[in-house]
Amino acid sequence: MNLAQLLNGISLGALLMIVSSGLAMIYGLRGVMNFSHGALYMVGAYVAFAVTTKVSFWFALIGAPLVLGVVGAILELAVFRRVEKRSPIEVALIAFGIALLIERGVVAIWGSNTKPVPAPAALSGTWTFLGTSYPSYRLVVIGIAFVVAIALVVWLWRSRTGLHIRAASHDGGTASVMGVNVDMMSLIVVCLGAALAGLAGTLAAPFVSADPSMDTAILINALIVVVVGGLGSIAGAMITGLALGILQVLGNVYVPSVAPLVPYALLIAIILWRPQGLAGTRTQ
């Protein structure tokens, strides 16, 4: 194993960390497995394409998460809050339908062809890292992902809002009695989760391009990460996302014939061995 391959795995894992942590947050508070999360990631990539074409990638890096945060607010207020009394299966099907609508909307606006998104000119070269030349942009993606992960953990564990979110995720009824505005916490979490999906889509766009089918692959991997890490566990999602990215890349290098099966094998093994996930808590 050389360093470049390891860094490729870390860069993929970094994107999974961002996407999966948002999905885990939404599930932890809302109890909703948001099957439209991959579509939000895809929209982030297309917004990055649109903004980069007109302005610059740096504006897209700020603008896309903001746009997706607004989309998250619409999802929470117009959909999730209205169906919170429905069964989880019904809500999941509604979210899946939203994903299909978003995908069709993207095709209607931008077409079905892949849209390349150039990396910033300042990051188009390579950096020498521990004696290995590696694309500058991917190193920056890794750095941004870890900064976001640390900031998210610190915010959740050190801020008053983070305390309220964790309380509402653990027991919404008791938190409400204690004065926590659970509806507001839910709105913040869904907006933030959608914004994280948009950020990941923006960061991914320069090396995977914007494509209408990109939502499916990331959603499958994110769902596996959330289940393996422990439903609702942000730390579990981050660690598992990073590990899965490394496993997938190294698998493609050393055992390409079975590499696509690695995430599913990991999922089956965890469900059989530890159903609550690596960082989850057994409920019975």
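Helices (H or I, at least four residues) and strands (E, at least two) are DSSP runs, numbered from the N terminus. This is a predicted model, in which local features need pLDDT of at least 70 and side-chain atom pairs count only at pLDDT 80 or more, while totals for chains, interfaces and linings use all residues. Residues are numbered from 1 along each chain as its sequence is written, and side-chain values use heavy atoms, with hydrogens and water left out. Arg-160 has its place in helix α6.

- Helix α1 (residues 3-30) has 28 residues and should span 40 Å at 1.5 Å a residue, which agrees with the 40 Å between its end C-alpha atoms; the expected span is 1.5 Å times one less than the number of residues.
- Because 21 of its 28 residues are buried, α1 is largely enclosed by the rest of the structure, where buried means under 20% relative accessible area, exposed over 50% and partly exposed in between (1.4 Å probe, protein chains only).
- Just after α1 comes Gly-31, which takes a positive phi of about 70°.
- Helix α2 (residues 37-54) reaches 26 Å from its first C-alpha to its last, close to the 26 Å expected for its 18 residues, and 14 of these 18 residues are buried, leaving α2 mostly covered.

**The hairpin of β1 and β2**

- Strand β1 (residues 126-129) pairs with strand β2 (residues 132-135) in the antiparallel sense over four bridges, and two strands count as paired if DSSP finds at least two bridges between them.
- Two residues lie between the strands of this hairpin, and Leu-130 in the turn has a positive phi of about 55°.
- Trp-127 has Tyr-134 in β2 as its bridge partner.

**Helices α6 and α8**

- The axes of α6 (residues 160-170) and α8 (residues 182-208) come within 10 Å and cross at roughly 105°, where axes are lines fitted to C-alpha atoms, for helices over the stretch in contact, and angles run from 0 to 180 degrees between N-to-C directions.
- Thr-161, His-164, Ile-165 and Ala-168 in α6 meet Val-182, Met-185, Ile-188 and Val-189 in α8, contact meaning heavy atoms within 4.5 Å.

**Two single residues**

- Arg-160 counts as exposed because its relative accessibility is 64%, and its C-alpha atom is separated by 34 Å from that of Ile-270, 110 residues apart along the chain.
- Thr-240 lies in helix α10 (residues 234-254) and counts as buried because its relative accessibility is 6%.
- Leaving aside neighbours within four places in sequence, Thr-240 is in contact with Val-225, Val-228, Gly-229 and Leu-278.
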